[in-house]
Amino acid sequence: MVDNNLTLKSVIGFTGSVEGGLHYTRCGRFIAFPLGSVVVLRSLVTKKQFFLDAGLDKKISCVAISKDGSFLATGHETPASFKAEITVWDLKKVVDSISNDAAVPEGCLLYVLSQHYKKVQALDFSCDSHYLASLGGQDDNDIVVWNVKTGVAICGCQASTDFTLCIKFLNNRNDRFITCGNSHARVWQVDVSIPKLHPIDITMGSIRRVMTCLCISEDDTFAYTGNKTGEVIKFNVQRDDIKPFNEPEIHHPSLVGYNRDRFSKGVVSVACIVNPKTGNTNVIAGAGDGTVQILNPDLKRIPSHEARLHGAITSIAMNPDGKSFLVGTESSQRYSIDISTFNPELRETCHSGEIYDVKFPSKTSEIFVTGSEQDIRVWSATKRRELLRINVPNLNCYAVDITPAGDSIVSAWSDGKIRAFFPESGKLQFMISDAHGDAVKSLAVCNRTGDTKSCWHLVSGGADGRVRFWQVHEKHQLMIHSLKEHRGEVNAIACNSTGSKAISASADGSCIVWDLQRGVRIHALYAPTVFNAVQFHPDQSQYITGSTNNKIGFWDASDGSPIRFIDGGESDVTCLDIVSNGTHFISGSADKNVRVFHYDNGKMVASGKGHSGAITKLCISPDQKSVVSVGAEGAIFLWEIE
C-alpha cells in the first residue's frame, strides 16, 4: 500500500430516488446513473463500470445529458444552507476513452459551478448544447442560465412565487424552456444579448396541481406534465417572442386536456414517444404505484401497453434505437421494457435504504452478505449482482455474520430476535425469539476450538446494554451467559481467534473485554465518548477502537490501558477492520471517507471518497485484496487495497 487514493473497483447501487437520473449516452452503448456523490457509466456490452467523481461528498440530486451527447451535468444537495454545486463534464471525451476500455481521462471535469443554495432541483441543456439551465430547490427557487463553453452565468431570476420542480428546454429552439411546479407552469424565452429571461404563465383555468415531471413533444407544440393527483396534463406551449407591452398577443400557452383515469399515487415521470406507424406523439407515464403505461394523443390509456414494477417510477430513459426504454424505480431497481411487447425485464437490483452491516465468508472472497432495511442480500463480488434476497418485512437487520463452515447466515434484528438462514435457499434455519428485550444491535460468531457444524457459539449485544453468549445446536439454542454491565446500547462486538474472549463497544463510553468461558469481565476501557467500533489485533496484544470523538484508540490487551489516540477523520469513526497480518487497518467514518492506516506508526497511507452518506460498515476480503464499504445512502463500494 502506498500513499495515494484507493482505487474504486466497482460499485453496486443506484440512487433511484433521483427523478430523471437514469440516462442513455447518445451512442447507446452506455448508461449513466447517480450513486451517492458519483455518476456511474456502465457499458451495456462489457458490463464494465467507470466513474465520474468530482471529489464532492454531497448527494447528487439531478443529472442531465446534452442532446448531442457532448456534456453531462450533475446537481448536488447540501445538508445545510450552503451553496450547492453543479458539475459539468466533457462526456464525449469520456465516452471516446472508455469505449476503448481505457480509464476516464484527466481534464474531463470542465466546471464546478456554485449559485444555488441547499439544492439543485433540476438541470437541462439547450438543443445545441450552448446553454445549461439550472433550477434551485425549494429554499432557492431561482433559475440560472449558463454558458456551457465558458462556465459563466448569463442571466437568472426567480422561477415563480411558488416552488418549481421541473425545467426543460424545447427540442428545436435554444432560447426557450418550460418550468412547472406547484399550481403553475411557464414558458420562458431567453435573450442572451440583453441578457433577460421573459416568462409567460400557461393558462390553466381552475386546475390547481403539483406538477412533478415534464416532457415536450418533438415538434415543440405540446408539453406534458405529471402531477401528484395522478393525471397527465397536456399544454399547448406556443407563445410569442419578446415584444413591447403595447403590441397585441397572438399566441398564448394554454391547457389542452388531461386524463380522466388517474394513476394511483401520482405520476412521477413522463416521456414522449412517437408512434412510427401514425406519427402521433404518445406519452409514457410512470406512476407512484409502479405502473408504467402508454397514453395515446387523447391521453387515454392503452391497455396492451401496461406493466407493473416494484417501486415508484422515477426515471424513464429512451434507448436511442427507439425500440426499448429503461425504467428506474424508487426502490433502486432498473428494468428494460421492449416497446412492442411491453414485457419488463429486470436488469439490476440494489438496496434502496441504509445498509447496516457487511460480511465476507471466512473462506471465499467471491461473495459477501449485507444487512439492510427489511432484508438480507447475498452478492457476487466479481459479477456485482444479487444472488439471494431474504425479506423480513417492516424490520431492520442491524448485523450479520456467517458461520466458519458457511452453512448459516446469522442476523440481528430490530424486533429483538436473532434469525439464522440457509445461504443457498434463504429459508429460516432457526430463530431465537427473545434474544434481547429491545433491538439486537450487534453479533459475532465465535470460532471456538471444538465447534462443529452441529454445535457452535455466538455473542450478541442489544440496545438494552446486555451482552449474551449463546450455544447453538441443530435442534435448540441455549443461552450460556447474560452479562449486564453496559448502560448504553452495544454498538459492536468482536471475538478473538480462539473464541475464548469477546470485546463489546457501547454507547456508554466503555468497551468491556469478556471471558466467555466463565462469563465474567476481564477488564474495561473507558473514554468520554461513544464507542462505535472495536477490533482485536491479529496477535491479540492490543485492541483498536473507533468513536464519535473522531479518534481511533489503541489499547493494551494485558491491562486495558490506553496506548495512543490518532485522528480518524473529520467526523465520527463508525467502523474498523484489520488486515490479517496486522500491518494496516482500515476505517470508515461519518465524513464519508474510507481511510487506510499503517498500524505501527498510525499514519494514513491511502483514502477513498465516493459515498454520499455516512459509512456504516466495511469489511476486508479474506484474500486481503479488496475491501467492501457500505453506507447510509444504500451504496456498496468495492475498493482495491492490494
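Is phenylalanine 531 buried or exposed?

## Aromatic pairs

In this predicted model, phenylalanine 531 is buried, with a relative accessible area of 1%. Tryptophan 555 is likewise buried, with a relative accessible area of 1%.

Among the 16 aromatic pairs that the structure holds, the rings of phenylalanine 531 and tryptophan 555 have centres 6.3 Å apart and planes at 65°, so this pair is edge-to-face. Because phenylalanine 531 belongs to strand 45 and tryptophan 555 to strand 47 (residues 551-556), the pair ties together parts that are 24 residues apart in sequence. The rings of phenylalanine 536 and tyrosine 543, with centres 5.4 Å apart and planes at 80°, also form an edge-to-face pair, and both of these residues are buried. One aromatic cluster is formed by Phe554, Phe585, Phe597 and Tyr599.

## The second largest pocket

The second largest pocket contains about 1300 Å³ of space and is lined by 43 residues, with Lys359, Asp401, Cys495, Gln535 and Asp577 lying nearest its centre. Elements that contribute two or more residues to this lining include strand 31 (355-359), strand 33 (385-402), strand 45 (531-536) and strand 53 (615-620). By class, the lining comprises 25 nonpolar, 13 polar and five charged residues.

## The buried side of helix 1

In helix 1 (residues 91-98), the buried residues are Leu91, Val94, Val95, Ser97 and Ile98. They span an arc of only 165° around the axis, which means that they lie on the same side of helix 1. Their cover includes strand 4 (30-35), strand 5 (38-43) and strand 9 (83-90).

Notes. Residues are numbered from 1 along each chain as its sequence is written. This is a predicted model: local features need pLDDT of at least 70, side-chain atom pairs count only at pLDDT 80 or more; totals for chains, interfaces and linings use all residues. Side-chain values use heavy atoms; hydrogens and water are left out. On a 1 Å grid over the protein atoms alone, a cavity is a set of points where a 1.4 Å probe fits but cannot get out, and a pocket is an open set with protein on both sides within 12 Å along at least five of seven lines; lining residues have an atom within 4 Å of a point. Grid points are joined across faces, edges and corners, and a volume is the space filled by probe spheres set on the points. Helices (H or I, at least four residues) and strands (E, at least two) are DSSP runs, numbered from the N terminus. Ala, Val, Leu, Ile, Met, Phe, Trp, Tyr, Cys and Pro count as nonpolar, Asp, Glu, Lys and Arg as charged, and the others, Gly among them, as polar. Buried means under 20% relative accessible area, exposed over 50%, partly exposed in between (1.4 Å probe, protein chains only). The arc is that of the directions from the helix axis to the C-beta atoms. Contact means heavy atoms within 4.5 Å. Rings of Phe, Tyr and Trp (its six-membered ring) pair if their centres lie within 6.5 Å; planes under 30 degrees apart count as stacked, over 60 as edge-to-face and the rest as tilted.
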